[in-house]
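Hello,

Here is the structure I promised to pass on. Have a look at it first, and then read my notes below with the model open beside you.

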Amino acid sequence: MLKLNYEKCGGKEMCKKYHYEFKLGTTEDRSVLENLKNKNHSSYIKQSINVVYVYSLVDSDIPYPNKKGRVVYIGESCKHSQPTGLRFSQHIASSEFGARGRNINYTLHKYYWNGVKLSLDIYDVDNVTKDERKAIERDLINAHIKIYGAPPIAQGTSGLLVDDIDNVDETKAQGYFG
């Protein structure tokens, strides 16, 4: 198990951190994520860059069991045949309904399309192996569970097809939810 030193990143003094905020209906909308894959934009993240990242709420808290928090999702990526920045535009579909992509994170998608301001912090973890990158992600998720009493609220909702969920008839299940 890789022990992540939170003051140092991958054994280095500090990894590069990039911070972005975005919200539907503002000049800083989903296009912020699109720019991460655009080689002509200053925020472009080229291929073969190892990153771990954290999506958070900006203006509100989540009442986790141990204490309030803002982290919604923790992930990792490194694309070798395409820009690593492509991963971020895949998390949230370009339209609210009719989304079919398996890379969409349903909960992030819903937060965005419901007008919630989100932030994305991307950490360049430099030259680590795939297993080390995944271990960093796992350590961050486990630290979140220890601190807040639960995994981030959007963890485990990637790969759910937005329109499949949107087309569910929830009326039969409502009796189970109090």
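D124 is found in strand β6 (strands are DSSP runs of E with at least two residues, helices are runs of H or I with at least four, and both are numbered from the N terminus). At 15% relative accessibility, D124 counts as buried, where buried means under 20% relative accessible area, exposed means over 50% and partly exposed lies in between, using a 1.4 Å probe and protein chains only. The side chain of D124 reaches the backbone nitrogen of D126 at 2.9 Å. The C-alpha atoms of D124 and K16 are separated by 5.2 Å, although these residues are 108 apart along the chain.

Before you go further, please keep in mind that this is a predicted model: local features need pLDDT of at least 70, side-chain atom pairs count only at pLDDT 80 or more, and totals for chains, interfaces and linings use all residues. Residues are numbered from 1 along each chain as its sequence is written, and side-chain values use heavy atoms, with hydrogens and water left out.

Now for the rest of β6. Of its 7 residues, 7 are buried. Both faces are covered: L118, L120, I122 and D124 lie on one side, and S119, D121 and Y123 on the other.

Which strands pair with β6? Strand β1 pairs with β6 (residues 118–124) in the antiparallel sense over 7 bridges, and β2 and β6 also pair in the antiparallel sense over 7 bridges.

Stepping back, 4 strands form an open sheet in the order β1-β6-β2-β5, with antiparallel pairing. β1 (16–22) and β5 (71–77) stand at the edges with a single partner strand each, so one side of each is left without a neighbour in the sheet. From one strand to the next, the twist averages 15 degrees. Helix α4 (residues 130–148) packs on the sheet, touching β2 (51–57) and β5, and its direction makes about 165 degrees with that of β5. Here contact means heavy atoms within 4.5 Å, while axes are lines fitted to C-alpha atoms, for helices over the stretch in contact, and angles run from 0 to 180 degrees between N-to-C directions.

Happy exploring!

Definitions and conventions
Pairing = 2+ DSSP bridges. Polar contact = N/O pair within 3.5 Å; in protein donor to acceptor, adjacent residues only side chain to side chain.
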